[in-house]
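Keep the sequence and the 3D view open as you read.

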Amino acid sequence: MADVAASAGVSTMSVSYTYNQPSRVSAATRDRVHAAAAHLGYTGPNRAARSLRSGKHNSIGVVLGEKLTYAFEDPQARRFLSGIADACLDADTALVMLPNLHRDNDNARIRDAQVDGYVVWTTEIDDPLLDVLVGTGRPTCVQGGPHHPGLEWIAIDDRAAADAVATAALTSRAHPAIVALRPDSRRESTVVPGADASDISMPVTRARLEGYRDACVRLGIDWSTVPTLFTTHNARGEGDRAARLLLQDAVVDTLLVMSDELALGALDAAAATGIEIPTRLAVTGWDDSPVAAAAGLTTVAQSLFDQGRSSARWVLGLSETVDAAGWSVEKRRSTGRENDPRIEGGVL
């Protein structure tokens, strides 16, 4: 700036004002500064240097345990990111997307990102990134868990919600099967009878499976006979594939599904194979997307927009606490009980 000021015949403060508070200098001064800067090849104040001096980057990092395309393809991921973006508007802050696919350089790239804090889309309980984030000293909030020392988190009571939605579906049925979100980062599709939730490292999948088991045991259903299919990814086509595989067992009369996208795929499979909903098969989902409501899907409702906004506001210092997250079960025709009152959930 000193070189530009000398070339333009103005003070260094005038150069600073030209770039940072242009209304404080005359148009003639701005023109002289810009002309001198162009001649010298000066492009303006260095943002990285400014960040080093102030200790602020005016950006927030969103850590996704998925490929970046997932953030644009999955409707619930979009809602969550919309909530974060809404909080960023309040703080005039940028949003930086940081995938965490457990590759060799992921932890270092996320640690070194020029951000003021992080919001993490749920990850594994033993993910080494969690300790890396604690080590940065930057505020971090994890959606869905795990609850890790030194980090904030926001989640509904997934276990209680799973118990409630399973109970709503199984009151007059006795042969459920479960379509579960992938249990860890390996992305292997397996079918496990009587799955042990304690073996699962993804906290959301673990809690929901525990809730389904609670309902089955209370209703007298032998958990060891209940098959759980773990999916490779959360997509409608994967739900279709999973349902076709599980429904080869003609005894299955209920599919408890851990996302609306997977559940919509299960409805597709039922329609394609002539299985009547809900007479022959009941299906439940999770998240209460607009498409799920239109399809008459019984599901767990939660606001990922509110969770994203609340977590980001806490990270940005706009709120001293993370808001409690509530849930409800929306009963619709996919379980044949849509006229029953809604089950309201507590908050965690």
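Against which strands and which helix do the buried residues of helix 11 pack? They pack against strand 6 (176–180), strand 7 (190–193), strand 8 (227–230), strand 9 (254–257) and helix 12 (260–272). Contact here means heavy atoms within 4.5 Å. Helix 11 spans residues 236–246, and its buried residues are Glu238, Gly239, Asp240, Ala242, Ala243 and Leu246. Buried means under 20% relative accessible area, exposed means over 50%, and partly exposed lies in between (1.4 Å probe, protein chains only). Helices (H or I, at least four residues) and strands (E, at least two) are DSSP runs, numbered from the N terminus.

A word on the source. This is a predicted model, in which local features need pLDDT of at least 70 and side-chain atom pairs count only at pLDDT 80 or more, while totals for chains, interfaces and linings use all residues. Residues are numbered from 1 along each chain as its sequence is written, and side-chain values use heavy atoms, with hydrogens and water left out.

Now the charged pairs. A search of the whole structure finds 15 salt bridges. A salt bridge is a side-chain nitrogen of Lys or Arg within 4 Å of a carboxyl oxygen of Asp or Glu.

Take Asp106 and Arg109, whose side chains meet in a salt bridge at 2.4 Å, N to O. Both sit in helix 7 (residues 106–111), three residues apart, so about one helical turn separates them. Asp106 is buried, at 0% relative accessible area. Arg109 is partly exposed, at 29%.

Asp158 and Arg208 form another salt bridge, at 2.9 Å, N to O. Asp158 lies in helix 9 (residues 158–170) and Arg208 in helix 10 (residues 203–218), so this pair ties together parts 50 residues apart in sequence. Asp158 is buried at 8%. Arg208 is buried at 6%.

The side chains of Asp288 and Arg332 also meet in a salt bridge, at 2.9 Å, N to O. Asp288 lies in the loop between strand 10 (282–287) and helix 13 (290–294), and Arg332 in the loop between strand 12 (326–330) and strand 13 (343–347), so the pair ties together parts 44 residues apart in sequence. Asp288 is partly exposed, at 25%, whereas Arg332 is buried, at 15%.

Salt bridges also link Asp86, Asp90, Arg309 and Arg313 in a network.
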